[in-house]
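Open the model in your viewer and have the selection tool ready. This tour goes from ring to ring.

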Amino acid sequence: MRALLVVNPKATTTSERSRDVLIRALRSAVDLRVEFTRRRGHAVKLVREAATLGVDVVVTLGGDGTVNEAVNGLMGALPDMREMGDAPPAERLPALAVVPGGSTNVFARAIGLPKDWIEGTGVILEGLRAGRSRTIGLGRADDRYFTFCAGFGLDAAVIRRVERARSRGRVSSSSLYLRSTLGEFLATDRRHPAISLERPAETVIDELSTVIIQNTTPWTYLGDRPVSPNPDASFDLGLDVLAVRQLAVAKTTRTVTQILSPRTNPHGRQVFQLHDVHEFTLLASRPEAFQLDGDYLGEREKVRFTSVAQALRVIC
């Protein structure tokens, strides 16, 4: 079995010595090639090239951003694999294995891997030797794929603020996200919701302030506690959506409390939700922040979302 290991050198949970241990362990199970990413977006190129050359599995060591790039590299290789006809992408592409190496590792934990990279590696080695995998669906936003979540509006603006803080040397933590959320909430224009949601043959839903899209649950973690505004989201279904209409202080506080509660699902007149949706478009009357899988991607005025079934095989 031929495999590519894509390593993000900035992976927060592993040292150089730990990486060497991981590489030796993987080489005991597969014919392994190792590549280190050098810049943002580099993993997309590395994985796409490896997929077109016929590797059987792609392994990532990094956080959710590295996973997202690897997934986009895999899906980007599909046009070069036409000889397999109309088979689902999962049957045409190499499998993906994820070694948790980031600060949160939402995707790895969502597919059932332990948070610890050593235990996660053990699970992956067992899966490789036994040929054990599961097939999952992905979300797509315009021409880019995502594994577990997307955000448009306040959600993405918070990630933008967090990334700026991290570029100044701040450590990623739950408290940093909570402070950033409060700061962005106070800074945003709460009186004029700018976002509309359109679906084929359905009434337009307008005057939305922020939109969270999930391809699975959870949406994120606060420490070890999963947080999921859309608790019924699943890799096996379409996309789930939660939108907040108004960001009035009292109503928003109640909605955030519901989101953080493990026993209460978000509800109320200010909340709009969709379950198992396969296509919709978000439009904004002014540029809004946009994120995929926890990576800030700039501001947009329009994003089209689709669900892609049977997209990827994952070693688990």
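This is a predicted model: local features need pLDDT of at least 70, side-chain atom pairs count only at pLDDT 80 or more; totals for chains, interfaces and linings use all residues.

Residues are numbered from 1 along each chain as its sequence is written, and side-chain values use heavy atoms, with hydrogens and water left out.

Searching the whole structure gives three aromatic pairs. Rings of Phe, Tyr and Trp (its six-membered ring) pair if their centres lie within 6.5 Å; planes under 30 degrees apart are stacked, over 60 edge-to-face, the rest tilted.

**Stop 1.** Select Phe 107 and Phe 235. The ring centres are 5.9 Å apart and the planes are at 75°, so this pair is edge-to-face. Phe 107 is in helix α5 (residues 106–110). Phe 235 is in the loop between β12 (225–227) and β13 (239–244), 128 residues apart from Phe 107. Helices (H or I, at least four residues) and strands (E, at least two) are DSSP runs, numbered from the N terminus. Both Phe 107 and Phe 235 are buried, meaning under 20% relative accessible area (1.4 Å probe, protein chains only).

**Stop 2.** Select Phe 280 and Phe 305. With centres 5.0 Å apart and planes at 15°, the pair is stacked. Phe 280 lies in strand β15 (residues 279–292), Phe 305 in strand β16 (residues 295–315). Phe 280 is buried at 1% relative accessible area; Phe 305 is buried at 0%.

**Stop 3.** Ring pairs join Phe 146, Phe 280 and Phe 305 into a cluster.

**Stop 4.** Select Arg 109 and Tyr 221. The charged end of Arg 109 sits over the Tyr 221 ring, 3.6 Å from its centre. The cut-offs: NZ of Lys or CZ of Arg within 6 Å of the ring centre and within 35 degrees of the ring normal.

Technical notes: Buried means under 20% relative accessible area, exposed over 50%, partly exposed in between (1.4 Å probe, protein chains only).
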